[in-house]
Structures are given as C-alpha cells and as structure tokens.
Amino acid sequence: METRNIVVLTGAGISAESGLATFRGPDGLWEGHRVEDVCTPQAFARNRALVQRFYDERRARLAEVEPNAAHEALARLDSEWRGELLIVTQNVDDLHERAGARRLLHMHGELKSAWCIACGIRTRWEASLGDGPDCPGCGKAATLRPDIVWFGEMPYGMERIDAALARADLFVSIGTSGAVYPAAGFVQSARHYGARTLELNLERSEGSAYFQETRLGAAGTLVPDWVGEMLG
C-alpha cells in the first residue's frame with residue numbers, strides 16, 4: 001500500500017528526552033502537584049496564584065532545554081514529505097517548532113500562549129502571568145490564563161484531526177501513554193478509516209494492542225530511523 005498521507009501523534013515521551021518532565025509520574029503527581037490542583041478550571045478558580053506560578057515555572061523551563069533528535073527528525077519529515085502530513089502533539093512545549101516543524105497542531109494548548117477570559121483573545125506570551133498583566137486585546141488586568149486545555153475542557157482542532165485521520169494512509173504514535181482521551185482513541189479511528197498504524201515508544205502503551213506494529217526504544221533513535229525509512 002502506497003503511503004501518501006501521514007498523521008503523527010506525539011506525547012510526553014518525546015520531550016522527556018530533552019529533559020522535560022512527563023505529564024504524570026508513577027505517584028500520580030506532576031512535578032510535586034496533584035493534577036487536580038493545577039490542571040482544571042476549578043483549580044484556577046480556587047487558587048489562581050498557584051496555577052499561574054506552576055505554568056510560569058514550566059514556561060521558564062523551556063529556555064533551559066533544546067529539541068532532540070526525534071523533534072529534528074519530524075521537522076525533516078515535515079520539510080521533505082510531499083504528501084499530506086499533520087503532526088498532532090499533546091505536548092504544550094515549543095520543541096517541535098524550534099526544531100522546524102510547521103505542519104503542527106497543539107491539541108492541548110501551548111505554554112507560550114495566553115488566553116484572555118474576558119475578551120477571548122489568544123496571544124503569544126513568554127513572560128510571567130502571575131502578576132496579573134493587562135490583556136493586549138481588551139486592556140483588562142488579571143484576565144489572562146495559560147492557553148492550556150485542562151481536564152474538563154475540549155481539546156483544540158478535533159475536527160481538523162479527524163479529517164486528517166480520515167485521509168491518512170499511516171498513523172504513527174510516538175512517546176504516548178495511550179491513557180489520555182481523546183488522543184488515545186486516534187489509533188482506533190485511524191484503523192476504522194483504513195490507515196496502517198505504528199507505535200514508537202519506550203514501552204508498550206495502554207493502547208498498544210490496537211497498533212499493527214510496535215517498535216520499542218528511545219524516541220531519539222527510533223524516530224530518525226523511521227523518518228529515514230520514509231524518505232528513502
């Protein structure tokens with residue numbers, strides 16, 4: 001079967017090799033915090049200062065890390081692949097962009113973006129949000145929140161993702177746990193539409209049984225090898 005259209009899903013495992021903490025550790029915490037205390041609209045309403053500080057720290061951390069070989073390989077695929085390609089990432093960091101990827105969708109939002117809960121504008125943001133800065137759109141103070149999809153909120157770009165899966169000849173999942181929906185269900189959608197499915201992961205994911213092929217190892221090794229195969 002000829003491969004022309006590809007959808008790639010990336011998760012925390014690809015950024016872990018650059019030194020960024022994966023979303024949730026084995027103890028259920030994300031860098032010492034209960035997920036419920038920093039990753040829900042209710043948490044933001046209850047303790048805005050804690051949530052803003054948590055994401056300010058994550059945003060600042062991006063300056064200390066660099067894209068790794070897996071990010072760079074996907075950027076090469078983006079540059080050289082002549083068919084359709086959509087890289088869907090669950091990650092909120094900017095490592096894909098810094099490596100050079102352009103056909104990219106952040107389904108869970110971005111650390112370097114702020115969302116005004118008063119006027120709805122989204123704006124690029126690299127500074128702190130903890131001191132309640134004015135919104136560049138409406139001018140109101142203390143209305144900006146991290147542009148992150150929290151639990152209970154709808155991921156971004158779902159219609160675009162589903163349309164890409166419907167056209168895909170190949171779906172590839174890289175560095176994902178297979179535990180967080182709706183992304184965990186993409187492999188089943190891809191197979192329903194007739195795409196071949198490949199998992200590249202450090203260990204088998206919770207949805208590993210749905211993939212036709214699984215390759216285990218470090219993303220920094222597996223992804224460049226796979227991209228090399230695809231580009232011949």
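Reader: How are helix 7 and helix 8 oriented to each other?
Author: In this predicted model, helix 7 and helix 8 are oblique to each other. Oblique is what remains once angles under 35 degrees count as roughly parallel, over 145 as roughly antiparallel and 65 to 115 as roughly perpendicular. The axes of helix 7 (residues 158-167) and helix 8 (residues 186-193) cross at roughly 40° and come within 8 Å. Axes are lines fitted to C-alpha atoms, for helices over the stretch in contact, with angles from 0 to 180 degrees between N-to-C directions. Helices (H or I, at least four residues) and strands (E, at least two) are DSSP runs, numbered from the N terminus.

Reader: Which residues meet there?
Author: From helix 7, M158, I161, D162, L165 and A166 meet F186, S189, A190 and Y193 of helix 8. Contact means heavy atoms within 4.5 Å. By class, the contact has 7 nonpolar, 1 polar and 1 charged residues. Ala, Val, Leu, Ile, Met, Phe, Trp, Tyr, Cys and Pro count as nonpolar, Asp, Glu, Lys and Arg as charged, and the others, Gly among them, as polar.

Reader: I161, buried or exposed?
Author: I161 is buried, with a relative accessible area of 1%. Buried means under 20% relative accessible area, exposed over 50%, and partly exposed in between (1.4 Å probe, protein chains only).

Reader: What does I161 touch, leaving aside neighbours within four places in sequence?
Author: I161 is in contact with L86, V88, L105, M107, Y156 and F186 on that count. D147 is 14 residues from I161 along the chain, and their C-alpha atoms are separated by 19 Å.

Reader: Fine. How many residues are in the largest nonpolar core?
Author: The largest nonpolar core has 22 residues. A core here is a set of buried Ala, Val, Leu, Ile, Met, Phe, Trp, Tyr and Cys residues joined through side-chain atoms within 4.5 Å. Those with the most contacts inside this core are V8, L74, V172, I174, L200, V223 and W226.

Reader: Which elements supply at least two residues each?
Author: Strand 1 (6-10), helix 5 (69-80), strand 4 (85-89), strand 9 (170-174), strand 10 (196-201) and helix 9 (219-231) do. Helix 9 gives the most, with 5 residues. In soluble globular proteins, nonpolar side chains tend to be buried together.

Reader: Where does W226 lie?
Author: W226 lies in helix 9 and counts as buried at 2% relative accessibility. Not counting residues up to four places away in sequence, W226 touches I6, V8, L74, L77, L170, V172, L198, L200 and R215.

Reader: Change of topic: which peptide bond is cis?
Author: The bond from Y181 to P182 is cis, with omega near 10°. P182 lies in the loop between strand 9 and helix 8.

Reader: And what is the phi of A142?
Author: A142 has a positive phi of about 60°, although it is not a glycine. A142 lies in the loop between strand 7 (122-124) and strand 8 (144-148), and counts as partly exposed at 39% relative accessibility. Most residues other than glycine have a negative phi, and most peptide bonds are trans.

Reader: Last one, the whole chain: how many helices and strands?
Author: The chain has 9 helices and 11 strands. Its radius of gyration is 18 Å, close to the 17 Å that the globule rule gives for 232 residues, so the chain is as compact as a globular protein of that length. The radius is taken over C-alpha atoms, and the rule is 2.2 Å times the number of residues to the power 0.38. Of the 232 residues, 48% count as buried.

Key
Residues numbered from 1 in each chain as written. Predicted model: local features only at pLDDT ≥ 70, side-chain atom pairs only at ≥ 80, totals over all residues. Heavy atoms only, no water.
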